[in-house]
Amino acid sequence: MASSQTPPASVKGKIGIVGSGLIGQSWSMLFAAAGYNVYLFDIDPSLVEKALDSIKSSMEGLEKDGLLKGSLTSKEQFALIHGVSDLASAVKGAKHVQECVPENTELKKKVFGQLDAVADDNTVLSSSTSTLMPSTFTEGLTHKHNCVVAHPVNPPYHIPFVEVVPAPWTDKTVVTATKALMEEIGLKPVAMAKEKPGFLLNRIQYAIHNECYRLVEEGIVSAEDVDTCMKWGLGMRYAFIGPFETMHLNAEGLKNYLDRYGHCHRHVSKDFGPTPSYEGPIIDEMEADMVRTTPLESLPARRQWRDERLIALSKLKRDLDEKTETDK
């Protein structure tokens, strides 16, 4: 089930990927772009075959458009990715294993138990979970000190942020090594000091979602209006700077901003309502708003449209950063 090409001599080591969906495919491509030998496993071998076909097609398309990551050709990168039909083949001898199964605590427990049984003592066992704290599915494992979360942003190949989250028993060297590995494959990692539900990205994202939902539920604006605000307002700014640098630049430093506008934050925040239930008739209204813009049958094309713009934005940010460095 392996790709048919002979791996280049520049292989750095072995990476195991467990789960061959879109996230698993993206991880495979990122590690192969950095020169790692990747072993991709799924419980259904036919899914691995389909994933390999998808990866090959994606790599060739990215190369054609001049957007393939790394210094190796698409042919060389694809030769580094091997489909395997048993878990041990993906895990034994691996430097790092990235789990990419569905977001379900019991399933994660089962999979990590299986990983624990075949993993070497120095193999990092990492989960792609977006919200589940690592302590909820790694407690009691022999190698629990090697367990960590490395949560990417969808689509991972085009959005470089990744958050590294330890369990209470995760060895600090595992966090350090995982962050370094993420940087090596071209990502922009942040390591959290300790686990917290939703981690960093989704805690911020859900806070935005909650207020957006409340505004629509109260009839203040439509779902389409909220998206316009984000696309042409906050999103324009946040594509380049974060909330704290925004404060810093919108006054004479962050402290001056808070001296001048902190009372505004406090006053408006008092008007925020309770956490929405995300249930009821308002959901149908929001869905109707979204379908008017993007019918359900157009979702695949719209995702492609999104990815193309994320690629363009990533390239723009990279080019601007390079120009800034050159101008120094």
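Reply: **Charged pairs, up close**

Let's begin with aspartate 319, which is partly exposed at a relative accessible area of 32% (buried means under 20%, exposed over 50%, and partly exposed in between, with a 1.4 Å probe and protein chains only). Before going on, please note that this is a predicted model, in which local features need pLDDT of at least 70 and side-chain atom pairs pLDDT 80 or more, while totals for chains, interfaces and linings use all residues. Numbering starts from 1 along each chain as its sequence is written, and side-chain values use heavy atoms, without hydrogens or water.

The partner of aspartate 319 is lysine 315: their side chains meet in a salt bridge with an N to O distance of 2.9 Å (a side-chain nitrogen of Lys or Arg within 4 Å of a carboxyl oxygen of Asp or Glu). Because lysine 315 and aspartate 319 are 4 residues apart in helix 13, about one helical turn separates them (helices are DSSP runs of H or I with at least four residues, strands runs of E with at least two, both numbered from the N terminus). Helix 13 itself covers residues 299-327. Lysine 315 is partly exposed, at 39% relative accessible area.

Staying in helix 13, you will find aspartate 327 and lysine 323, again 4 residues apart, or about one turn of the helix. Aspartate 327 forms a salt bridge with lysine 323, and the closest N and O atoms are 2.9 Å apart. With a relative accessible area of 53%, aspartate 327 counts as exposed.

In total, the structure holds 13 salt bridges.

Now for the backbone details. In the loop between strand 8 and helix 8 sits phenylalanine 199. Its phi is near 60 degrees, a positive value in a residue other than glycine. Phenylalanine 199 is buried, with a relative accessible area of 1%. Leucine 200 is found in that loop too, between strand 8 (188-191) and helix 8 (201-217), but leucine 200 is partly exposed, at 32%.

Tyrosine 278 also has a positive phi, about 55 degrees, although it is not a glycine. Look for tyrosine 278 in the loop between helix 11 (254-269) and helix 12 (282-293), where it is partly exposed with a relative accessible area of 37%.

Another stop is the peptide bond from asparagine 154 to proline 155, which is cis, with omega near 0 degrees. Proline 155 belongs to the loop between strand 6 (147-152) and strand 7 (161-166).

Finally, alanine 223 lies in helix 9 (residues 223-238) and counts as buried, at 11% relative accessibility. Its C-alpha atom is separated by 20 Å from that of aspartate 271, 48 residues away along the chain.
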